[in-house]
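Subject: Structure handover

Hello,

Please find the structure below, with the sequence alongside.

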Number of protein chains: 2
Amino acid sequence: MSEFPSPADLEPNEAASPRDSDRPWQRLEQLADAGDAETLAEYLDSLSAGDQALALSRTDEIHHQLVLTTLAVEDAAELLRHLSESQAAELVESLPAAEAAAIVCEMPSDEQADLLGDLDDNQAAAILEALPRADATAARELAAYSDDEAGGLLVREILRFNRSTTVADVITTLSENADEFRDYDVQYAYLTDDNDRLVGVLPMRNLLFARRSDPVDDIMIANPLALLDSTPLDDLIEFFDIHHFLGVPIVDADGRLLGVVHRNAVDYEATRAAESDFLKSQGIIGGEELRTMPLLQRARRRLSWLSINIVLNIGAAAVIAMYQDTLAQVIALAVFLPIISDMSGCSGNQAVAVSMRELSLGLVRPTEMMRVWLKEASVGLVNGAALGLLVAIVAVVWDGNPYLGLVVGVSLFFNTLIAVSIGGTVPLVLKRFGFDPAVASGPLLTTVTDMCGFFLVLGTATAMLEHLI
Amino acid sequence: MSEFPSPADLEPNEAASPRDSDRPWQRLEQLADAGDAETLAEYLDSLSAGDQALALSRTDEIHHQLVLTTLAVEDAAELLRHLSESQAAELVESLPAAEAAAIVCEMPSDEQADLLGDLDDNQAAAILEALPRADATAARELAAYSDDEAGGLLVREILRFNRSTTVADVITTLSENADEFRDYDVQYAYLTDDNDRLVGVLPMRNLLFARRSDPVDDIMIANPLALLDSTPLDDLIEFFDIHHFLGVPIVDADGRLLGVVHRNAVDYEATRAAESDFLKSQGIIGGEELRTMPLLQRARRRLSWLSINIVLNIGAAAVIAMYQDTLAQVIALAVFLPIISDMSGCSGNQAVAVSMRELSLGLVRPTEMMRVWLKEASVGLVNGAALGLLVAIVAVVWDGNPYLGLVVGVSLFFNTLIAVSIGGTVPLVLKRFGFDPAVASGPLLTTVTDMCGFFLVLGTATAMLEHLI
């Protein structure tokens, strides 16, 4: 990530300019067909990130390939970095491995690893094959880490000096390689001993006040905070919550400096995690879906989730089937079954959301089921009473039979209590046993509350059948 | 935000140390009761951010007050900054205005504004009253901006020099005020003319290579990118997507420099927005809920959402009531109504999630209803056929009547198509007319798909009644 604006970047702000075309993809196709790298790069620069994504999503694979091969490799790499990961992967998949490799070369090491991880295995292998040997080795090492640990988020492009270097040498290196270092995190240099072990951090600012003949050793901060490459994302988020640093050096088990994880990378992953929780809770699992993906892939992914749900649903409906006789005699009950089912689902989902939020803030531990249950039960008593009363009144007004009101009102009261109890505690249980609460809480909740709700309504109705007929 | 680790910060990492107590709140209460500022600060430092939040959430208001007043004001300010905004507001509300003001004074200007915005109006006014006049004026100005525009996110604590200052003067100022500037964004200085208008940005690094007698004018980047104070959050997110800067200077309509918005602040708000979408889609509206909040507040907020849903639900159930006669004759239909309702809701929610994601990535415009509808309809045809077939088989196997299978299978097929069509397009419509898709999509979707599903099942059953009995 480039940390300094160069004069060339600092043209009057184009990003905020109004869209000069309603259909940016048409202009993009024209320019790609014309094959003029410079005009194409200028046009893309004039688009907002959203419009770049939009224009590319509306062009076909041939034009994806044309755009990426027409642009200079560094511009193509820049373009990919503005897109969401799934869209970037889609674009790169249109390219032959050699051309993809040339573009991947221009990306910082953490984004290389991200992109390669999003491609299918064969293509990732082909691109690695086509990279220069040193780059390929580095990319393979990073790709071995997962996205949610420090090793998968670090950048290797850092300022790194031996502790015996002098201030003058550092300043000379900086000024001689100004171009290369533009893309680095240049607020700190990291100092190592002869075995590549991290020994200190040098704030660039300290160079201003130092004698040029001093070794950097004298002005460094010794024993700096560092984290292991295996540090999980949650601990990184927490580290940056507590420490207001822009980056943290990452070392291996022997203390050797591997690179730096920037705050930005951690924030980005935290946002992705929150967005992904939302998608998963709505039944979009197995990766982000874009509507430009092939129909059968989209349908299959959605269906994998739906088919689990329909089986659970049929299980719950079996409860209704057991009580068919009661239902046949008091058909009015059938009107209320979907209300009980939907409303309990709504109440339960609220409790799920609050538990997931408290888990992510650290305000509750996965073992504290009883505490959560007590807090939820109290809300369930209040809301269950309110909703139960409301639905009872509706039943009595509509049907005229107070016993029908009693059955549906009491059932909704108890089922609300059950729904918030399960909704509140299920994410804790899932988390404790290593499952993803965002994916599994919803279906589990719905199944149990449906079954209980149907049992409550139809069971009490059966017991009071003489008053209902 | 402090950008440099000072040696004092750089003790071996305590954040990652294992919890030394299972009940950190008990130790916290003991230390607060003892009233020793230093031991208390040390203990809090030894806790992770999550455990700080946890410990405070488990102590009562008296201890909140004790902790905040025992700590040195800068430590208290630091503590508040680690907590979520709703929890920080809860803590500050336990304090008398004068003591709260002393702590607020120590926070950076953007976080002051955030915190004051989260307090109730009377207390915010009382704290403003108790602040030193200059701080109060500044805080009032920032508080006038909303959280989702540049003015509400900017920090005023920046390095700012007149363009005629010499390099030597800048270096002297930096070294003389090293302590104060530790908390600033010290990668750039911002240069203004005699009317406070922004004229340039000075990367600190350039100081290394400059002659000390030069005016900073000579080594600054002229005409830097800057954004207006009214720039909305979405445009800021986009700006930082495109430009790999750590901050952007913010100017008023006359070009006067107001402060800087940091990338961190924008990333933080982006994460909050994603989390808030998740909470709202699950029915947690009107602000984040923590289980430490008063019961009636929690119950009331959740109920406000549930009561809208139950009214919509009753509306949909009225469709069933219309067809009671059919239902009474073919009671098996009652078993399938909740399945049709739930499954259509699931399919529709998937489409809602994909639309919201595409809207946030800019991959679809709110006007492109037809495009989204075509993409969804194709998935709906595939998944509707699969689910319809499955439920038809279940019906036939269970009931033995192929016509029952036909009714429920065909109904689920068409209702899946309807659900994805509505789910995909409703977020676009809501967004286009200025409503929040995260809040309103779910209930609208459920109501319409329930009504259509019940009509389809019971309407076709009525038409084919002779085959079903």
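Let me start with one serine. Ser344(B) touches Leu412(B), Asn415(B), Ala419(B) and Thr449(B), leaving aside residues up to four places away in sequence. Ser344(B) sits in helix α18 of chain B, residues 332-361. Its relative accessibility is 0%, so Ser344(B) counts as buried. Bear in mind throughout that this is a predicted model.

Helix α19 of chain B covers residues 369-399, and its buried residues include Val372(B), Glu376(B), Asn383(B), Leu387(B) and Ala395(B). Several glycines of α19(B) are buried too, among them Gly380(B), Gly384(B) and Gly388(B). What covers them? Part of the cover comes from chain B itself, through α18 and α20 (402-432). Chain A also contributes, with α16 (295-322). Just past the end of α19(B), Gly400(B) has a positive phi of about 85°.

How the copies relate

Domains and record annotations

Chain A is divided into three parts: domain 1 (7-144), domain 2 (158-263) and domain 3 (295-468). Taken over C-alpha atoms, the centres of domain 2 and domain 3 of chain A are 55 Å apart.

The unreviewed UniProt entry places "transmembrane region" at four spans of chain A: 303-324, 377-398, 404-430 and 442-465. I looked at two of these in the model. Residues 377-398 of chain A are 100% helix and 0% strand, with 30 Å between the end C-alpha atoms. Residues 442-465 of chain A are 96% helix and 0% strand, and there the end C-alpha atoms are 33 Å apart.

The unreviewed UniProt entry also places "domain: CBS" at residues 154-219 and 220-276 of chain A. The span 220-276 of chain A is 42% helix and 26% strand. Its end C-alpha atoms lie 41 Å apart.

A three-stranded sheet in chain B

In chain B, three strands form an open sheet in the order β5-β6-β7, with mixed pairing. β5 and β7 of chain B stand at the edges with a single partner strand each, so one side of each has no neighbour in the sheet.

Strand β5 (residues 227-228) of chain B pairs with β6(B) in the parallel sense, over two bridges. From β5(B) the chain crosses through helix α14 (residues 233-242) of chain B to β6(B), and this β-α-β crossover is right-handed. Leu228(B) has Val251(B) of β6(B) as its bridge partner.

Pro249(B) is bridged to Val260(B) in β7(B). The two strands β6(B) and β7(B) make a hairpin with five residues between them. In that turn, Gly255(B) has a positive phi of about 85°.

Is β6(B) enclosed or open? Five of the five residues of strand β6 (residues 247-251) of chain B are buried, so the strand is largely enclosed by the rest of the structure. Gly247(B), Pro249(B) and Val251(B) point one way from β6(B), while Val248(B) and Ile250(B) point the other way. All of these are buried.

One more residue belongs here. Asp252(B) is placed in the loop between β6 and β7 of chain B. At 13% relative accessibility it falls under the 20% cut-off, so Asp252(B) counts as buried. Which residues does Asp252(B) touch, not counting residues up to four places away in sequence? They are Leu228(B), Asp229(B) and Leu258(B). The C-alpha atoms of Asp252(B) and Pro132(B) are separated by 24 Å, and the two residues are 120 apart along the chain.

Best wishes

How values were computed: Residues are numbered from 1 along each chain as its sequence is written. Chains are lettered from A and ligands numbered from 1 in the order in which they are written. This is a predicted model: local features need pLDDT of at least 70, side-chain atom pairs count only at pLDDT 80 or more; totals for chains, interfaces and linings use all residues. Side-chain values use heavy atoms; hydrogens and water are left out. Buried means under 20% relative accessible area, exposed over 50%, partly exposed in between (1.4 Å probe, protein chains only). Helices (H or I, at least four residues) and strands (E, at least two) are DSSP runs, numbered from the N terminus. Two strands pair if DSSP finds at least two bridges between them. A crossover is right-handed if, with the strands pointing away from the viewer, the path from the first strand over the helix to the second runs clockwise. UniProt positions are given in the numbering used here, feature names are shortened, and annotations may be inferred rather than shown by experiment. Domain bounds come from an automatic or database domain assignment. Contact means heavy atoms within 4.5 Å.
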